[in-house]
Amino acid sequence: MVEPLKKPPKKNPQKRTVLPTLPPFARSRRALAFTAAAAEGRFVLQRCADCESVCYPAREICPKCWSPALRWDDMPDGGQMIAETTLRTSINTYFRERMPWRIGTVQLDAGPSVLAHIHGDVNERSRVRVIARTDKSGQGVMIALPEKETPNMADDRQLRTLTCDPKFRRVLITDGRTELGQAAAKAMVDAGASIIFVGIAESWRPYPGKEALGALPGVEILPLDITDTISVQELAGEIGGKTDILINTAEHVRPGASMERDGVVTARDEMEVNYFGLLRLIQAFGPGMRARGADGDNSACAWVNLLSVYALSNWSAYGTTSASQAAAYSLSQCLRAEMAGSGVKVVNILFGPLDESWRQPLPPPKVTPERLARTVAETLQQGIETVALGPVAEDVMRRFKEDPLVLERELSQIQLG
Amino acid sequence: MSIGDKRQRQAYDGIVVAAPVSVPYERYSPEPAHWWLARALSGLGSASGVSPSDVDGLCVSSFTLFPDTAVGLTQHFGLTPRWLDHIPTGGASGVIALRKAARAVQSGDAGIVACIAGDTNHVDSFRAMLTSFSRFSQDASYPYGSGGPNGSFALMTQDYMHQYGVQKKHFGKLCVAQRSNALHYPDALMKTPLTMEQYMSARQIADPIVLFDCVMPCAGAEAFLVMHEDQAKDMKLPFARILSTIERHNAYPDDPVQTRGGWSLDKDELWEQSGVTPADVSLLQTYDDYPVVIAMQFEDLGFCEKGDAGAFIAEHTFTFDGSFPHNTSGGQLSVGQAGAAGGYLGLVEAIRQLTGAAQQNAVADAEIAAVSGFGMINFDRGLCSAAAILARQE
C-alpha cells in the first residue's frame, strides 16, 4: 500500500535547490500523436483502418497488412501485467535520482504488449488499468494502475511525477474578485493545497464574497493587479519562490465585434488583462517556477490558463475578446515551450460560455464558475494539460481538430440569439 | 495462397574461415572506433600475411563509427574491394557477416573477405548510444526508466523464469563457469574468480538481474577472413569449414514477452544442412549479454527441449574442459562487451578453437563448433538471431 504523502517540511533557505532533470525527451514525429492525446488524458494507439489490428510502437504502415491507413484511436484501458522489474540503476540522471523505479510489460486488452511505468499498488501478474499522461519532459508515457482504487493512490511517487496534485502545494489565484476566482480558491482548499494566495486588485473596492473568501482555510489575500507591471513584480518578489501552481483566473470579457467598437479602448483593456496580464505574470513568476520544477514534494508543477474556447477560432459575437484570448492561447504555447526542461506543466482549460454577467445573454449550455474551478482541481490531480470544458467547448474542439478552416466558416455563421 | 521458395539451399562447400583476430579489450578508450577497426585489420595482416591489395571484400560492423560507414573505411584503410557490406545486427553480426561473405566468395564476387567488427567506449559513449539506439526504443522503451538492456532483459528473465522454472542458481552456474574460462583467456577484462556465493549475493541491478548477469561495455575489435579452401591452403593458413548457417529477424512478433528467439524457427534446417547433430558439437559459443539468452539458445538451438534449460544446466559443466564446453574465452560476461565486436567474440573464439590457435583454454579434440548470435533490442526484444556450425579443417 502506498504511504500517504506527508506535508513537506519548511524549506531550509540555505540549502541548494535541486535543479530539474528530465526523463528522455526525444520522440519520433509519429509518436507525438500519442503525446498530444496523453496531454488530453486520452490513451490512443494506432489502429489499421483496413485490417483493424492495433500496433505499437508508432509506425508508418500496418505491420500486419502494410496498409498506410493507420489512425490514432482511443483504446480500452484494461490490461494484464505479465512481467515487471524494479530498476536499480539507470543511465539517465532523472531516473537515477529517483531509483528504484518499477517498470513492466502489460498485455493490453487492445492487443499489443507495451512497456509501462507501474504504480506501487500493482501486484505481480494482476489486472491493471493503463493511462497515458505527459511526463516531466512533456512527452506521453503509460503508467499501469491497480484495476480498482486503492488508499492514497494519488500519492504514489511514480504516479506523482505525471500529475500536478495540489495536495500540500501552494497556489496563486490571480484574481479573487470574481465568482470564478473564489470558486477556484475553494476548489484548491478542497484539493488539499497548503496555502492559497489570492490576488485582489484595488482592495479598497468592495466585492461580493469577500468575507467568505477570507474565511477559507489557508487563503491569504494579497494585492495583485495584473494590468500593473510593478504590482505583479512586487507580488512575485514576495511569493514567487513558493508558488507551486499558478491559476490565472483574470479575464476581461466584452461582447462585440470590431465594427461595434468605437476605437480601441475596450480592445486594449481586453489585451491588457488577457494578453499583457498573462505576459506580466509569466515574466514575473515564470523564471522562479521554472527553477523549482524538482523542488521536493511541493515543487512547482503547473501553470493553469483559463481561456475561452474561442481562443481557438474567432467568434465575432465576442470578436475582440476572442482575439485577445487567441493571443493568450498563443502565448501559452510559447510558455509551454519555455517551461520544457523544468517539468512544470502548462495547463490550458478551454471553456464554453461561462455563467457570469458579461456572457449573460448567451443561451445554455453554460459552464458555471464552480464547475470550471472543480475541473481545474481534477485536471491538476490527473496531470492533464489540455481540457475542453462544457458541451460548447467540446464541440468547438472537435470541429477544430477535424478542420480549423471549416470551423472558421462555421463560426462565422453563428449569430448571437 | 502462400508464396514461398521451396528450393533446397546450397551448401557452403569449400568455403572456409581463417585468421581469428582479437584486439585486446579496454574498459574505456580515448581512441575512435576507426583505431580499433584498423588494429583488427592490421591484425589480420599479421595473422595471415594478406596485404591491402589482397583483400577484395570488406565487411564491417560498428556502432560508434559515425560519421563513417564501411565505404569511408576503404579509403582510410587503403582497400579497393569489389565487394563491401556494413552489417548493423549487433550481437548477430559475426555469423551474419560470415554467411554473407561466404556466399560472396562462393559465387566469385570476392576472393578474400576481411570481416571486422569493433567499437570504442568513451566514458559517455554507452549512454549516448542508448539514447539514440533505435526509433522504437526511443519512442517506447528508453522513456521508461532508461534502464537500457538491463531493463528489457530483466522483464524477459522474469517471465522466462516464471514460465519455465529456471532458477537463479542455474544462471549463476553459467556465469561462474564463464569466469573460470576467462581466467584462462589472457585478454579477458575480468581477472578475478567468481564464486557461486558471490553470484547469489550480488547486487540487484534490475530484478531479477544481478550485477554478474550484466556485461561490461568496453572498447575492442575482432576479425576473421573468409576465402576458398584452396586459397587458404595456398597461403598455408589453418582454417575451419562452414557447415551451415541460419539467420532470422523479428521472429515471433506476437509473443508478448520474448522467451524464445528465431533459432527455433530455423534450427532443423541448421542441423540438417550441417550433417551433424547437437550431440556432435565439441563446443558452443552463444551470445551471452545476459544468462537468460544463453538458456534460450540451449533450447532453441536444440541442445535441449524448450523448458529444459534448467535441467540441462544442472546436468552439465560449462568450462572449456567441462562436459559441455561453452563460451570458452569467458564470453562477453567475462571478457567484456565491445559493442558490435561482441557479435564476433564467440565466432572468433570458435575459429581459434578449431584452428589450434586457442591457448590455455583449448578444448581437447575440438572438431565441431556451434556459434550463435543474438542482436538488437529494438524495443522490448532482440530482433536478430543467427547461428553457424563450423568444423575443423580435416
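Good morning. I begin with helix 7 (residues 265-291) of chain A and helix 8 (residues 319-339) of chain A, whose axes come within 8 Å and cross at roughly 10 degrees. Axes here are lines fitted to C-alpha atoms, for helices over the stretch in contact, with angles running from 0 to 180 degrees between N-to-C directions. Helix 7 of chain A is therefore roughly parallel to helix 8 of chain A, a term for angles under 35 degrees.

This is a predicted model, in which local features need pLDDT of at least 70 and side-chain atom pairs count only at pLDDT 80 or more, while totals for chains, interfaces and linings use all residues. Residues are numbered from 1 along each chain as its sequence is written, and chains are lettered from A and ligands numbered from 1 in the order in which they are written. Helices (H or I, at least four residues) and strands (E, at least two) are DSSP runs, numbered from the N terminus.

Helix 7 of chain A passes helix 8 of chain A in a right-handed crossing, that is, with the near helix turned clockwise from the far one by less than a right angle. The residues of this contact comprise eleven nonpolar, seven polar and three charged. Ala, Val, Leu, Ile, Met, Phe, Trp, Tyr, Cys and Pro count as nonpolar, Asp, Glu, Lys and Arg as charged, and the others, Gly among them, as polar.

Helix 7 of chain A also meets helix 6 (residues 229-239) of chain A, with axes within 9 Å and a crossing of roughly 15 degrees. These two helices are therefore roughly parallel to each other. From helix 6 of chain A come A:Thr229, A:Val232, A:Gln233 and A:Ala236, and from helix 7 of chain A come A:Arg280, A:Leu281, A:Ala284, A:Phe285 and A:Gly288. Contact requires C-beta atoms, placed from the backbone, within 7 Å.

Next, the domains. Chain A is assigned domain 1 (32-160) and domain 2 (170-413), with bounds from an automatic or database domain assignment. Their C-alpha centres lie 31 Å apart. Eight residues of domain 1 of chain A are in contact with nine of domain 2 of chain A.

Finally, which element gives the largest share of the side of chain A that touches chain B? In total, 33 residues of chain A are in contact with 30 residues of chain B. The largest share on the chain A side, six residues, comes from strand 4 of chain A. That side divides into 17 nonpolar, twelve polar and four charged residues. Thank you.

Conventions: Parallel < 35°, antiparallel > 145°, perpendicular 65-115°, else oblique. Contact = placed C-beta atoms within 7 Å.
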